[in-house]
Amino acid sequence: MTASLSPASPDQLRELLSGDARRVAPRLLGSVLTHHSHEGTVAVRITEVEAYMGPGDSSHPDPGSHTFRGPTARNAPMFGPAGHLYVYFTYGMHYCANIVCGPAGTASAVLLRAGEVVEGQHLAMVRRPTSKSALDLASGPARLATTLALTTADSGRDALADPFELRLPSVPAPVFSSGPRVGVSGDGGSSAYPWRFWLPGDPTVSRYKAAKVRRA
C-alpha cells in the first residue's frame, strides 16, 4: 500500500536530497518515482535502496562507490546537483539508476534497488515480459530501471522535473532494516558499510547476495 505522499516542491525536495546520502537513503523508502514517457506512465514505490559516498581522498571515502578513484566521464553526474539521475550500464546488459545526493561537487548517490509498480503495471509488464508476477517487475536494480525505461541517456537528467516526478512519504518509514550492500566486492561490501536500507517484510525487496570472490 502506498503511504500518503508529500506535496513538497522541487526546491524542498532538492534541499532534502542535498544531505548525507546515508541519511537520505532511508528517507526515500516509500517514495514514488514516476516516468512519463511517450509510451505511457509508470510509477514505482521504492522499497529498497543503497547509499554510496565519495572518492578515496574525500571526507567520506567509499571503496564500493564508482567515484572512489575519482571523477570520470561515466560518474560525473554523481558530482552534480542533488536530485539528478546517475544511470550506469553493467555486465554488458543491465542499467541501474541512482538519485544523486549531497551538495554539488561532493559525490554521493542512492541506488534504487527495488520497488513496487503502483501505476502503469501493464506497460511495466510489456517492458519486463520475463516477470513471473507483478511483485518481481521492479525487484532488483536492473528490473527497476527497465520498468521505468531508464538508460544511460537519462544519466544527468533532473529526476524532479518533467518527464520525471519524485514524491516522498509525508511521514518517513517508521521501521526499516539496514545491512551490507548487495554484490559489492572488498571492504565496501562488508558489515563496515551497512548502507543498504529496505522495508522489512515487503515482498518486492530483492534477495541479498554477497559479491562473488574472483580467483586469480
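The legends below describe close-up views of a predicted model. Local features require pLDDT of at least 70 and side-chain atom pairs pLDDT 80 or more, whereas totals for chains, interfaces and linings use all residues. Residues are numbered from 1 along each chain as its sequence is written, and side-chain values use heavy atoms, with hydrogens and water left out.

**Figure 1. Strand β4 and its pairing with β3 and β5.** Helices (H or I, at least four residues) and strands (E, at least two) are DSSP runs, numbered from the N terminus; two strands pair if DSSP finds at least two bridges between them. Strand β3 (residues 85–90) is antiparallel to β4, with six bridges. Strand β5 (residues 109–119) is also antiparallel to β4, through three bridges. Asn98 of β4 stands opposite Tyr86, and its bridge partner in β5 is Leu111. Of the seven residues of β4 (residues 94–100), five are buried, that is, under 20% relative accessible area; exposed means over 50%, and partly exposed lies in between (1.4 Å probe, protein chains only).

**Figure 2. Backbone detail at Tyr91, Ala149 and Pro163.** Three residues separate β3 from β4 in a hairpin. Tyr91, in the loop between these strands, has a positive phi near 55° in a residue other than glycine. The relative accessible area of Tyr91 is 68%, so the residue is exposed. Ala149, in the loop between α4 and β6, also has a positive phi of about 55° although it is not a glycine. Ala149 is partly exposed because its relative accessible area is 27%. Pro163 is placed in the loop between α4 and β6 (164–167); a cis peptide bond with omega of about 15° joins Asp162 to Pro163.

Figure 3. A polar contact of 2.6 Å links the side chains of Glu50 and Tyr52. Such a contact is a pair of N or O atoms within 3.5 Å; within protein, one must be able to donate a hydrogen and the other to accept it, and residues adjacent in sequence count only if both atoms are side-chain atoms.

Figure 4. Thr204 is buried, as its relative accessible area is 2%. Its side chain forms a polar contact of 2.9 Å with that of Thr47. Not counting residues up to four places away in sequence, Thr204 touches Thr47, Ala114, Gly115, Glu116, Leu135 and Ser139.

**Figure 5. The largest pocket and its lining.** On a 1 Å grid over the protein atoms alone, a pocket is an open set of points where a 1.4 Å probe fits, with protein on both sides within 12 Å along at least five of seven lines; lining residues have an atom within 4 Å of a point. The volume is about 1,500 Å³, taken as the space filled by probe spheres set on the points. Among the 41 lining residues, Tyr91, Arg113, Pro141, Val182 and Gly183 lie nearest the centre of the pocket. Helix α4 (141–147) and strands β2 (40–52), β3, β4 and β5 each supply at least two lining residues, and α4 gives the most, with four. The lining comprises 18 nonpolar, 13 polar and ten charged residues; Ala, Val, Leu, Ile, Met, Phe, Trp, Tyr, Cys and Pro count as nonpolar, Asp, Glu, Lys and Arg as charged, and the others, Gly among them, as polar.

Definitions and conventions: Contact = heavy atoms within 4.5 Å.
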